[in-house]
Amino acid sequence: MGRAEERKARQRGARRAARPRPSGGAPATGSPSVAGPGGDGPTGVDPGGPGGPGGEDTAREGIPGASESGEGDGDGGRAARRARSAKPKRTGIRRFFTWKKLLGAFFSFILLGMLGFVVLYLVVDIPEGNAAAKLQSNVYKYSDGSLLARDGDGDVNREIIDLDKIPKPVQRTFVAAENKSFYKDSGVDLKGTARGVLNTLAGKGKQGGSTITQQYVKNYYLTQDQTVSRKLKELVISLKVDREKSKDDILAGYLNTVYYGRGAYGIQAAAQAYYGVDAEKLNVAQGAYLAALLQAPSSYDWAVATPTGKKLVRERWDYVLNNMVEQGWLDSAERDRLTFPKPHGPKPDPEMKGQTGYLVRAANEAIEAQLVKEGYTKSEAEAQLKAGGYTITLNIDPKKQRQLEKAVDKKLNDKLKPGKDKADARVQAGAVSVDPKTGGVVAMYGGRDYLKHFTNNATRADYQPASTFKPLILAAALEQGAKTQEGRPITADTIYSGRSKRPVKGSDIGFAPPNEDGHSYGPVTVQTAMNKSINSVFAQMGVDVDMDKVLETAGKLGMDVKGLPAVPAQTLGSMGASPLEMAGAYATLDNHGKKVTPQLVKSVEHKDRSIDLPDAIGDEVISRGAADSVTSVLTGVVDDGTARASVRDASNRKGQSVAGKTGTSDDNKSAWFVGYTPKLVTSVGLFGEQPENDGELKRGQQVSMKGAGGKPRVDGGSFPAEVWAAYTFNATGSRTKFKLDTDMGSGVEAPPEPTTQAPRTPTAPPTETDDEDKDKPTTRPPSTKPPTTKPPTTPPTTPPTTPTTPTDPPTTPTTPPPTWGIPDDPDDRADRSDRAD
C-alpha cells in the first residue's frame with residue numbers, strides 16, 4: 001500500500017473515531033465500519049467493539065500502525081463513547097415533567113375520579129320528593145316598593161294520575177321528543193352530563209343532554225340550580241332510580257311532575273289547561289304538542305306565541321311525530337293524516353286583569369331571558385321562576401303608569417266603539433315610556449285588558465315601524481360621513497328630489513317607492529323630507545349610505561336587525577319592531593349616542609340565589625354629534641311636520657322641547673309616534689288586528705285600521721301622537737330644553753353660514769342630488785337660488801327655529817312665503833279635520 005493510501009486509511013479511521021455514536025456504542029447507520037458477516041451490509045454492531053463479528057483485528061487488518069491507534073481506541077475510545085452517549089442532565093421545570101410522570105398523573109386522576117364516583121354512589125341516597133313543598137309565591141312591586149301583584153299562593157296546579165290513564169301513543173310522544181333511547185338506556189347520558197359539568201365549571205351553564213330519568217330526578221328530587229354538585233347528584237340518583245324503579249314508574253313520575261306552562265304541573269293539569277280534557281282523552285297529535293311544549297312552555301304557547309314561536313313549535317311537533325314513525329310507534333300513513341291541534345286560550349286569572357298581567361308576564365320574560373344567558377334552558381328558567389320565592393321590583397313608576405293608562409283611555413279608547421264598529425274593534429294599542437338617563441321602563445301599556453287580549457302590544461315585534469325608521473337612516477348617514485351619488489356630504493340641508501316613485505340611483509336592486517298619497521314634493525332639504533316623511537328621499541339616502549351600514553347603525557341603536565336583508569325597501573321600515581324596541585333606539589339618540597337598553601325589572605331577590613341584571617346604560621354606539629344632529633332634525637317634525645297639530649299645538653305643552661317622528665305603514669296596518677324630551681322617551685303604536693274569525697279573515701291576522709275612530713286613515717300624527725302628548729306633557733314634570741352638540745337642524749338657532757355640516761364632514765353648501773325635477777312647473781323651487789357668495793342675514797336653506805309658515809321657509813327674509821310648494825302632509829290634513837280638541 002502506498003503512502004497516499006495509508007494516509008487515506010488513517011483519515012478514515014480518525015473520522016470513524018470522531019463520529020458521534022448512539023447509546024450502546026453502535027455507530028451511526030451507514031458507517032463504513034459497520035458490516036455484517038459478509039462485510040458489505042450494516043448490522044448496527046460495532047466491529048471494533050467487544051463482541052463484534054470482526055473484532056478489533058478486522059478493523060486494523062492491512063493497516064500499518066493500526067496497533068497503536070487500536071490500543072487507544074480500545075480503552076480511551078470506549079470511555080469517550082460512554083461519555084458521548086450519556087444524556088444531558090435535566091434542569092429547571094423539565095425535572096418535574098416527563099411523559100412517564102404525565103401519564104402517571106393522568107391515570108391517577110382517572111382512578112381517583114372512579115374511586116370518588118364509587119364513594120359518591122355509596123354515600124348519596126335517593127331523597128324524598130320535594131318539588132311541591134318548595135313552591136312559593138312571587139311578589140311583584142312597583143319602583144317605590146308598593147305592591148303590584150302576587151303571582152300564586154303556593155298551591156300547585158297538579159293532579160297525579162297513573163300511567164295507565166295516559167294513552168300509550170301519548171306516552172310515546174314524550175319519549176320521542178325527549179329521549180328516544182329511554183327504554184334501552186341506563187337512565188343517564190354520560191356524554192351529555194360530562195359536557196354539562198364542564199360547561200358549568202367554565203361558567204357556560206347547561207347545554208342539554210339530560211335523559212327523561214335525569215329530568216325526572218332534577219324536577220322531583222333536586223332543584224334547577226346550575227352547580228357541579230347538583231349535576232353529580234343528578235347522575236348518581238338517576239342511576240339508582242333506573243335500577244330501583246321500572247321504566248313505567250319513571251315515565252309516570254316524569255309526566256306528572258314536569259312543567260307545561262300556564263301554571264300546569266303534570267300532564268293531567270296540562271290536558272285541561274290546553275285542551276279542556278282529561279289526559280286519558282288526549283290524542284296523539286295533542287300529545288305531540290304537549291311534548292313539544294316542554295322545550296319552552298311560554299314561548300311555544302300557541303295563544304301568546306310570536307310568529308317565530310309558532311313556527312318553532314310547529315317544527316318541534318313535526319319532529320316528535322317523525323321520531324315516532326322512525327321508532328315504529330306510528331304508522332307513516334297515519335302521520336300524514338294528522339293536523340296541528342291548536343290549543344284553547346288560557347283561562348284568565350282575575351288578579352292579572354288590566355295592565356297587571358302584561359307587566360307581570362313581561363317581567364317574567366325578562367328574568368327568564370337573563371337565566372338563559374346564565375346557562376339555564378328555557379324550560380328550566382321557567383320552572384325556576386315558577387317555583388316561586390322571588391321578590392321582583394319593577395322600574396314602573398305607579399304615577400306615570402296611571403298617567404299613561406289615562407292618556408290611552410282619553411285619547412283613544414273613549415273614541416272607539418269596538419262593540420259596534422268593526423273598524424274600531426281592530427285597533428290594538430301598545431306604549432312604552434323610558435327614562436333615557438337610567439334606561440328604566442317607567443310605564444307600559446300592553447292592551448285594553450290582559451284577560452281579554454293576552455298578547456302584549458308593548459313588546460310584540462310583528463308590525464312594521466314604518467317611517468319611525470327614517471331617523472335611523474339619517475343617523476347612519478351622519479355617523480358614516482356619507483355622501484350623495486354626486487359626492488356631496490349628507491346634512492340636514494342637503495337637497496334631494498322628493499318626486500314620488502323616483503327610482504333610486506346607485507343600487508343593483510330597483511326600488512321606486514311612492515310617497516304617501518302619491519304626492520311629489522320637488523327638490524327638498526333633508527330637514528323638510530323628515531318633517532314631511534317623504535319616502536323617495538330616504539330611499540335614496542339609504543342607498544347613498546349603503547344599506548348594510550344603515551342596518552348596522554340600527555342594530556347599534558337597539559333594533560333587532562339579525563337576518564334582515566340589506567335592501568332599499570328597508571328604508572320604509574318594512575321590518576318588524578316593538579314599541580319597546582323603538583323606545584330603546586330613540587332613547588339612545590336622546591342619551592347623546594350612549595346605548596340605552598330599556599329595563600323593566602329593577603331588582604330580583606331570593607333567599608337562596610341571586611340574579612344579576614345587565615346594565616341598562618352602555619357605551620357610546622354613535623357619536624354625540626350624529627345623535628344630537630338627528631334630535632335637532634326631529635324637533636322639526638314636531639314644530640313644522642306631521643306631528644305639529646297633535647304635539648306642537650297641544651294645550652299642555654307649555655314650551656317643552658320635543659323631538660319625534662310619526663309613522664304609518666302600508667295599508668294602514670300600523671301607526672306610530674315615537675318622541676322624546678330630555679327626560680322621557682315614549683313610543684306609542686297602534687296595530688290593526690282581526691279580533692275574531694270573519695270569513696277569510698282569521699283571528700289575530702294583521703288588518704287595516706282605515707275607518708277606525710271615524711277617520712279615513714289612522715296616521716301616526718293622529719291617535720298615537722295625541723296619546724303621546726297627553727301622557728308626556730303631564731308626566732315629564734318641569735320643562736327642559738335639549739342641550740345639543742350640533743349646528744344643524746331645526747333644534748338649533750340659524751348659523752351665520754348659509755349651510756351647516758354633519759359631524760366629521762367638511763362644510764358644504766346645500767346641493768341638489770337630482771336635476772330631473774327642475775323643469776316641472778308644479779315642483780320647481782323659487783327662482784332665488786342658494787347664495788354662492790355672501791349669504792343673507794337668514795340662511796336660505798335652513799328653516800328658522802320657529803317656522804313662519806307651514807311650508808318651507810322663505811328663501812330670503814323679505815321674500816313672501818313660496819306657494820310653488822310642498823303640499824300639506826296627509827297626516828296633517830287628517831289631524832286638522834278630525835281633531836277633537
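The buried residues of helix H12 pack against helix H5 (168–178), helix H11 (284–293) and helix H13 (332–337); contact here is heavy atoms within 4.5 Å. Before going on: this is a predicted model, where local features need pLDDT of at least 70 and side-chain atom pairs pLDDT 80 or more, while totals for chains, interfaces and linings use all residues. Residues are numbered from 1 along each chain as its sequence is written, and side-chain values use heavy atoms, without hydrogens and water. Helices (H or I, at least four residues) and strands (E, at least two) are DSSP runs, numbered from the N terminus.

Which residues of H12 are buried? They are Gly309, Val313, Arg316, Trp317, Val320, Leu321, Asn323 and Met324, where buried means under 20% relative accessible area, exposed over 50%, and partly exposed in between, with a 1.4 Å probe and protein chains only. After H12 comes Gly328, with a positive phi near 80 degrees.

Now the sheet. It is open, with 5 strands in the order E7-E6-E15-E14-E13 and antiparallel pairing; two strands pair if DSSP finds at least two bridges between them. E7 (441–445) and E13 (659–664) are at the edges with a single partner strand each, so one side of each has no neighbour in the sheet. Strands E6 (residues 427–434) and E15 (residues 681–688) are joined by 8 bridges, and Ala431 has Val684 in E15 as its bridge partner.
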